[in-house]
Amino acid sequence: MFTAAAVLYPSALASSITMPMEVFQAASQMASARRRGEPQIRFLLTGFGSEPVQLVSGLELKPNLSLDALPAPDLLLLPAISVSYTHLRAHETSSSISYA
């Protein structure tokens, strides 16, 4: 069975996690039709602990297991992060990068 895992962290964009989950679920359903309904893809949520993680959007997801307990997946997804413009402006004075 193919195993994919997504790492949960507070600055992650929910769509970077939920979209792959849905795509892999659909692929698993299509593949399992030929194999009498047995799932072909396992999608796990992992985090730095076992507590639910609130993403930037406010969506809260609970890891299936911590990174320490995660067996080596076939695919490890690192979701896109969201950094607000206000956050960038706050760091503008402490960096040589300018955000116009």
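Author: Let's start with strands E1 and E2, which pair in the parallel sense over 6 bridges. Keep in mind that this is a predicted model.

Reader: What makes E1 and E2 a pair?

Author: The cut-off is at least two bridges between two strands. E1 and E2 have 6 bridges, running parallel, so they count as paired. You can pick out individual positions: Ala4 stands opposite Phe43 in E2, and the bridge partner of Ala5 is Leu44, also in E2.

Reader: How do you know that E2 also pairs with E5?

Author: E2 and strand E5 (residues 65–66) are joined by 2 bridges, in the parallel sense. The rule asks for at least two, so that pairing counts. In this case Thr46 stands opposite Leu65 in E5.

Reader: Why are E5 and E6 called edge strands?

Author: The open sheet has 4 strands in the order E5-E2-E1-E6, with parallel pairing. E5 and E6 each have a single partner strand, so one side of each is left without a neighbour in the sheet.

Reader: What makes E2 "mostly covered"?

Author: Buried means under 20% relative accessible area. In E2, 6 of its 7 residues are buried.

Reader: Why is Ile41 called buried?

Author: Ile41 lies in strand E2, and its relative accessible area is 19%. The cut-off is under 20%, so Ile41 is buried. Leaving aside neighbours within four places in sequence, Ile41 is in contact with Met1, Phe2, Phe24, Ala27 and Ser28. There's also a C-alpha separation of 8.7 Å between Ile41 and Ala31, which are 10 residues apart along the chain.

Reader: Now the helix. What is the length of H1 set against?

Author: Helix H1 covers residues 15–33, 19 residues in total. From its first C-alpha to its last it reaches 27 Å, close to the 27 Å expected at 1.5 Å a residue.

Reader: How do you know that the buried residues of H1 line one face?

Author: The buried ones are Ile17, Pro20, Phe24, Ser28 and Ser32. Seen down the axis of H1, they fall within an arc of 100°, so they line one face of the helix. As background, an α-helix has 3.6 residues a turn, so residues three or four places apart point the same way. On the other side of H1, Met19, Glu22, Met30 and Ala33 are exposed.

Reader: What do the buried residues of H1 pack against?

Author: They pack against strand E1 (2–7), strand E2 (41–47), strand E4 (60–61) and strand E6 (75–77). As for orientation, H1 lies across E1, E2 and E6, and runs at about 160° to E2.

Reader: Why is Gln29 called partly exposed?

Author: Gln29 lies in helix H1 and has 49% relative accessibility. Exposed needs over 50% and buried needs under 20%, so Gln29 falls in between and counts as partly exposed.

Reader: Which residues touch the most other members of the largest nonpolar core?

Author: Ile17, Phe43, Leu45 and Leu55 do, in a core of 16 residues. The elements giving two or more residues to this core are E1, H1 and E2. Not counting residues up to four places away in sequence, Leu45 touches Ala6, Leu8, Ile17, Met21, Leu61, Lys62, Pro63, Asn64 and Leu65.

Reader: Leu55 is found in a loop, so what makes it buried?

Author: Leu55 is found between strand E3 (53–54) and E4. Its relative accessible area is 3% and the cut-off is under 20%, so Leu55 is buried. With neighbours within four places in sequence left aside, its contacts are Tyr9, Pro10, Ala12, Ala14, Ile17 and Leu61. The C-alpha atoms of Leu55 and Pro10 are separated by 4.6 Å, though the two are 45 residues apart along the chain.

Reader: How many helices and strands does the protein chain have?

Author: It comes to 2 helices and 6 strands, in the pattern β-α-β-β-β-β-β-α along the sequence. Of the 100 residues, 29% count as buried.

Key
Residues numbered from 1 in each chain as written. Predicted model: local features only at pLDDT ≥ 70, side-chain atom pairs only at ≥ 80, totals over all residues. Heavy atoms only, no water. Expected span 1.5 Å × (residues − 1). Buried < 20%, exposed > 50% of the residue type's maximum accessible area, 1.4 Å probe, protein only. Arc of directions from axis to C-beta. Contact = heavy atoms within 4.5 Å. Axes fitted to C-alpha atoms, helices over the stretch in contact; angles between N-to-C directions. Core = buried A, V, L, I, M, F, W, Y, C linked by side-chain atoms within 4.5 Å.
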